[in-house]
Amino acid sequence: MAAQMTGAEILLECLAREGVEHIFGYPGGATLPVYEALYDHGIRHVLMRHEENACFAAEGYACASGRVGVCCATSGPGATNLMTGLANAHMDSIPVVAITGQVSTKVLGTTAFQEADTFGISLPCTKHNYQVRKIEDLPRVIHEAFLLASTGRRGPVLVDIPKDVQLGKARYVPCEEVHLPGYKVLVDGDPAQIAQAIQLIWASERPLVYAGGGIVSADAAAELREFVGILDAPTVCTLMGLGGLPAEDPNFVSMPGMHGTYAANMGLTHADLLIALGVRFDDRVTGKLSGFAPHAKVIHVDIDPAEIGKNRKVEAPIVGDLRSVLQQLNHLLRETSPLSARRRGKERHAWSTQVRGWKAEYPLVSKPSEDVIKPQHLMTEIDRLTAGSTIVCCDVGQHQMWAAQFIRFYAPRLWINSGGLGSMGFGLPAAIGAQIARPDKLILALVGDGGFQMSIPELATIANYGLPIKVVVVNNGHLGMVRQWQELFHGNRLSAVRLDTFPEVSQLAGAYGLRGRTVAKPEELAPALQEAANQSGPCLLNVQVAPFENVYPMVPTGAALHEMVLEPSLDAPGSTMRARHVPAAAQKAPEEALSNTRRMFALQVQDAPGALQRILGVITVQGCGIRSLSVRQGTKPGVLKVTLALEGDEIAILRAVQQISKLVNVLEVLDFSRRKGGARPKTQLASPSGLAERDEPRLRRARRGSEESGRKPQ
Ligand SMILES: Cc1ncc(C[n+]2csc(CCOP(=O)(O)OP(=O)(O)O)c2C)c(N)n1
Ligand SMILES: [Mg+2]
């Protein structure tokens, strides 16, 4: 007869049977038996410095390896500290099993010391959760938890184990098979729906593949590449799907959405068929839903039936595992392509050429400066260094968007970030998990100065385990993404976004026994990154970047994708990118502000309530003086012509004009001061070419002075 084992020993035995090699955790009173059992167990425990980070590390481990990440916390505060991590895993469908200690069953519900309703609290942020009240249930529950976390739509599963269950003894009876009668995972797609999808695909003239994180979690990158190759169709990959199609694939366009590129967003706007693969039509991708892919029929493949039709009507729904469904589709497409591909060949060729044209016409540009490191410049240097094959664990904010725009990934599981929940503090602990999963890989933790300050304690974990992670802080002195929104949408009233105090980095790193340095000069950047990569151990690089840079393109909330604001293109002397920011609270005295220059503009703006107030407000905020102002009926009904002579700092004037175009619907800008110098009057945003009139971005309509105009988000 088998020897008796404690509940804690049974737990570890079950974890070992699931192939678990690492647990990320933090101990406490209610998990003492588990840690006693871990003392001489083969499973390696990684002591993190906070339970939230233990969960993020488990997620980094899962994302880098494709395996289930495991984390552990004690009852009460330990368990509640896990919740952000679990919510993050839930949003991004990351397979995690979380073990929490709980007070003994006898005192459950008595507000015992460190009792929290972990089961209740974790219910909405897990795929499933358990509380194990009997030791005999442990093997079944643990194996069910792994099955649920790693199949179907992946996600976090929490197992709460009271202390007396961990301490109790029982004969260990292995659970050889898991039965979950109500849990069905469809693997293959329904043949009739697949056939319908094939019909739509061959009937389409302008197909666009919209691939998401589902491609990565289903390990379907090879199948996606084959699919895209057969169709020769432009493909956009979402923030979670980057690397799902290698960035060097000729059909790869880029990331779509709020900070997506012109080509990706125009592709979505003009497609007549969207082939949506493992995506959830997230609002950060779609913008205003009614304006999203307005001419497209939709094929939507997803493992989770609840996603289909959730946000967007679908013509061909297919529920199944993406890898299997893509294999089915590829097989049928190959069979049918000799006849069908020719039918729309000319139109499809024109479409691919059009999308490539958009990409060439409006690429993402990184213009290095000689004075200051531009964040985009940093990302292009990282791109050069990593050559598409390094794991980048990124935090949340502007730097995340620039990284997604400029760093190319040639394979899945290299780009690890917090998408759905957008949890600051994710990047560095995720890098710890990724490095433990992939000791062979160079791992970058790319974090903002805000998120980094949430993660500093984990430098101890890095030092403790000698993990050779390169932590790169993108230090703009601000909670940059919030600052950008305050600047653009809240009258530039910068409130609680300056990060004035930042530790001296060589001392901070040195205190943990790490190497650390600050890089502030553009010419030092590439060598510093190279040196960090060459070092065998960990290091901390604090890169001081331009403090007031904004992420563009940008689709303002409430706007449709084609209403994106491209990078403001008033190419002022010194460039708008270099424009000094004038905090609302620290404006210059009027006499001082009026000292520099005078410029005259005529704006054609849509006559909407509050438009004039907004124009005047922006000018005041930027500290410009108004020398003269006239308002007349514009060239068309419903349009006002506002002629302004502005005085003050040249850069502040140009910034004011840019801001105006974001807050009111500007149809045309004439810059008379430029005209005198022989330059052509300039409109604010670039115009696309070769588009059907009905769908052109607002700017093109503006250039022609058309009355038709989209709503400006307020
Ligand atoms: C835990 C958490 N708190 C607050 C936010 C809201 N938020 C989103 S981005 C951001 C600023 C991030 O600043 P930083 O880490 O310096 O990155 P930057 O935007 O400057 O690149 C904030 C506060 C968040 N996403 N997560
Ligand atoms: Mg910052």
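Visitor: Which residues come nearest to ligand 1?
Guide: This is a predicted model, in which local features need pLDDT of at least 70 and side-chain atom pairs count only at pLDDT 80 or more, while totals for chains, interfaces and linings use all residues. Residues are numbered from 1 along each chain as its sequence is written, and chains are lettered from A and ligands numbered from 1 in the order in which they are written. A residue is near a molecule if its C-beta atom, placed from the backbone, lies within 6 Å of it. Of the 20 residues around ligand 1, those that come nearest are G397, M424, G448, G450 and G480.

Visitor: Which elements give two or more residues to the shell around ligand 1?
Guide: Helices here are DSSP runs (H or I, at least four residues), numbered from the N terminus. Two or more shell residues come from each of α16 (398–406), α18 (449–455) and α20 (480–489).

Visitor: At what angle do helix α15 and helix α22 pack?
Guide: Axes are lines fitted to C-alpha atoms over the stretch in contact, and angles run from 0 to 180 degrees between N-to-C directions. For α15 (residues 375–386) and α22 (residues 522–534), the axes are 10 Å apart and the angle is about 35°.

Visitor: Which residues of α22 meet α15?
Guide: Contact requires C-beta atoms, placed from the backbone, within 7 Å. From α15, H377, L378, E381, I382 and L385 take part, and they meet P522, L525, A526, L529, Q530 and A533 in α22.

Key
Two residues are in contact if their C-beta atoms, placed from the backbone, lie within 7 Å.
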